[in-house]
Structure formats: structure tokens, C-alpha cells
Amino acid sequence: MEPLPERLNPTIARSLPFAIAKRALFLPAWKNESGRLEVWITSQTDPYILDQFRMTAPDPVKPVLVSRDQLLDALQRVHQEHGIAVDNVLEDLPPSMLATQLAEKPDLLEADDDAPIIQLVNSLIIQALRNRASDIHIEPFENNLIVRFRVDGLLHEALRPPKPVQAPLMSRIKVMAGLNIAEKRLPQDGAMRVQVASQEVDVRVSVLPGHYGERLVMRLLEKQGERTNLQELGLTDPQQQWLQTRMTASHGILLVTGPTGSGKSTTLYSVLSAINTSEKNIITIEDPIEYSLAGVGQIQVAPRIGLTFASGLRSILRQDPDVIMVGEIRDLETAEIAIQASLTGHLVFSTLHTNDSVGAVVRLVNMGIEPFLVSSSVDGVVAQRLVRKLCNRCKVPFTPDPELLRGLSSKPVHVPEDATFHRPQGCEACMGTGYLGRTAVFELLTMSQGIRARIDRRASDLELHQVACEEGMTSLREAGLLKAAAGVTSLEEVFRVTQERNEVV
């Protein structure tokens, strides 16, 4: 039933258009040693289709029965890897193409006969997904455009279309995202859902006016991607136990902090998935809802109609929740309601944009929350960063200078004697970067009696950090150094992503 991977020839498979193969559940796959053309069929394939193909095929046909999922997965893989040649599309693109000529397509891989500007937008999304990009940046300059993909947290230039492409390209994306194509002076935010070979992708679109025209960013969220579980986040065993204790508590607040793009939402979704049972009423209020969680009530913030984090949170408390997730604490009112909810028997998860764990405590106090309320309600703080993982196919071992290791952290870090550090090299698998994928490093602040006492007397973040480290907290830099010692990432990456407090001037 299950064919060998090498029995699929992408060139032969692409000889049949994607749309026809998908509808007919029929895929030419391989020409075997005896000269017969093997074609994949399923139990749902129409025999009439097979007979028609036999009559027109240049070689004898041998049907191979596979499952429907196997056929569709192979079909998606060969067509998505092939994609559309962006440069060829640009050569045929008339600069005078009008936005009113644009049309929708249900599947981006079925757009071969569409206008070139539509092919260009579709191919950019397909190529970004193929490169594992999280964002597409389209930036106008005086004489051209620059299209960049954010892969593993860093931007890489993908394309430089000519300046005349700017207007129709922006208009096409605005039409797809439901934005006003006539408005070019104000920022706009929109969203769209596209489909690439049966793979649904949510795209968040942000448009910002600039000196040479509008800048546009598309964030790609694969709806069918599996949620990351706690074991895959990058937590050590002690860190998993720490988090397990706090996410199963009956009340209190657990905060996750870090800058935009540091993986806070992924961590919170993983926590919610782990505790999501039929016995618990879990409600979230988010901006935006990035992923749907079965069994969890999710509310989208809508400030235009008065649905803010604060007003939504106030209404959530009337729904008898056991667990509440607030997408972000942005103001005093939201912070006050979240703290009151935690003090009245609710478990609250939320995020704050701070540089480290102790910064979250200081931020709440600076917002206007009384220190004794912070110390009595907050049960723990997670600070995190994403570091790129070294490509296992090309990473090279090396021995770093001991002075460099000592200088990376303000306190001694125990590096195992058998530790092997690696540096990036670059190969075809990682597109020459030396890195493939990302993982997180964590700093966990335990609200000990010593920390709570210092919060009550409004201690500075530097003092809180010092006490936490004395009590055994592993800083972000130290956590990154241990990841490098395990060969997961490089010292250069740790130094790029993390920063010691004594480095701040």
C-alpha cells in the first residue's frame, strides 16, 4: 500500500496539473525499469479517469493503490517545492496592470492562467512557505522594491521587483486582505486566509505609509501546523517541573515576558493545550487570535466597538472561568482586573513586553499596581528568547577560548566536561546560513519570600535580579550558554539574542 519515497518523480508528477490531479485523485509517479508508467490511485479514484489516461499515455500504465492522504501529501509536496518562478512572472508583468482586474482563486497552486500580478503575489507566499518564513516584508524605495523573508528570526532578501510593480502589488494584497485600496495616508491592518495545496494559511497584513510609498508586512500562520507541546519548547527537566507546578495551580498569575517575536504566544498556547480538559472552563481574550484551540473559548479584541482587554476581561469573569488567558497586559485597568481575578480563585496567564523576568514585576508597579498586590498575586514569571538551532548536517565542532566563556556571563556557569561547542558552516539544507529552525531559552523567576519582601518595599529591578540569581535563577544568557554547550546553538547566536544586565549602560 505505501510506496517508497524514491518511487515518486517530481517532474513526472507535475506533468498533470495540480487542480486536475487533486480533483481526480490520480497522480503519475514513476517510470519503472520495465518502461511502465506507475500512477498512484486511491479507492475513490474514478476508473473512467484511469481508462482515459491509459489511452493517451505514451507508455503502458501500472496503477499503484495508495491512501488518499498519501496521494494528497505527495501532490502538495511536489507542487509546493516547484512553486512559481518569480523572476519569470516579473518579466511578463505589465506595469500598467490595474487593481480592478484582480481576481480571487481558491488555491494558489491553481493560478497558472491568472494575471501576472496575481501569480507574483501567490508565488511570493508559496516561496515564503517553502523557505519556512514567518513574515514577508515589502519595502518601497526610490527606484525599486525590496521583498525580504524573515526566516528563523532574521530577514533575508528574496526579490527586487522594479518600481512600476509597487502599485499593483500593494493593491492586490489589499484586495485579498479586505483593506481600502484608495487609502494610502493612514496605517491599515487586515487579514486573509489562503490555501496552498490543501494547506490553510492565515495571513495578517499590516500596511504603513512611508516616504516612498506604503510598507507592507504579511505574517504567515499555518493553521494546520501542530501545536508545540511543552516538551518541544526547549525547557530543561527542572524548568518543565517548575512550569508544571504553576500551570496546574488553583489561582495566581503566571506572566510570560519578552519582545515581539520571542515565542510568548507559542508558550502560552502550549500551556493551555496541556491543561485543557473537559473539567475546566478556559477562556482567552487575544489580539489577535493566532491559533484556534478546541474546547477553549477565545475572544478577539475589538477596540472600535468597545471590546478592549479590560472590558472583555470584566465580562469573562461573569462566565465562571477556571483559567483565563489575557493576550497582553497593556494598561492599569487590565492589570487591576487580572490581579483581582487571581485573588478571587482564578488562574490567569498573560504576557508583558519586558526585557527580562524581574522587569515584569517592576512594570506592574510602575503602572500603578500596589506592590503588595503584585507580590501576593504573581506566582511566577517566564522570560524567553528564541535562538536559531545549528544545522545538524553542516555544524562544525570547535573549542572556544575559556576567557570567552567566562566573559559571556556575569557569574560562573557550570559547563559539562564533555560539552562540545559547534559553529555554523552552511549547506544546501539550511540555505547556506548554518542554522535550521529555532528553540527557546528561558529565565524563570520564582516568587520566593525574599523576592516578595523586596517587591513590597519597591526594590529596583537590579536588586530583584541579583537576589533571584543568588537564589538559583538561571539568566537568559546562562541558559543560552548551556544550549550552546549541548551543541544546539552557537555562541555567536547566544551573544546576539541575549544580554547581561551589567552590559546595559
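Predicted model: local features only at pLDDT ≥ 70, side-chain atom pairs only at ≥ 80, totals over all residues.

A search of the whole structure finds one cavity of 30 Å³ or more. The residues that line the largest cavity are Arg132, Val151, Asp152, His156, Arg388, Cys430, Met431, Thr433 and Tyr435, and by class this lining comprises four nonpolar, two polar and three charged residues.

From the cavity we turn to the pockets. The second largest pocket has a volume of about 750 Å³, and its lining is made up of 26 residues, among which Asp189, Gly190, Arg204, Val205 and Asp287 lie nearest its centre. Strands E4 (133-140), E7 (188-196), E8 (199-210) and E9 (213-222) are the elements that each give two or more residues to this lining, and E8 provides the largest share, with five residues. Divided by class, the lining of the second largest pocket has 12 nonpolar, five polar and nine charged residues.

The last stop is a pair of helices. Two packed helices are described by the angle between their axes and the distance between the axes. Helix H12 (residues 357-367) and helix H16 (residues 461-470) have axes that come within 9 Å and cross at roughly 140°, and H12 is therefore oblique to H16. The crossing of H12 and H16 is right-handed. On the H12 side the contact is made by Val358, Val361 and Val362, and on the H16 side by Asp461, Leu464 and His465, so that, with His counted as polar and Asp as charged, the residues of this contact divide into four nonpolar, one polar and one charged.

How values were computed. Residues numbered from 1 in each chain as written. Heavy atoms only, no water. 1 Å grid on protein atoms, 1.4 Å probe; cavity = no way out; pocket = protein on both sides within 12 Å on 5 of 7 lines; lining within 4 Å. Points joined across faces, edges and corners; volume = space filled by probe spheres on them. Axes fitted to C-alpha atoms, helices over the stretch in contact; angles between N-to-C directions. Helix = DSSP H or I, 4+ residues; strand = E, 2+ residues; numbered from the N terminus. Parallel < 35°, antiparallel > 145°, perpendicular 65-115°, else oblique. Left-handed = near helix turned anticlockwise from the far one by under 90°. Contact = heavy atoms within 4.5 Å.
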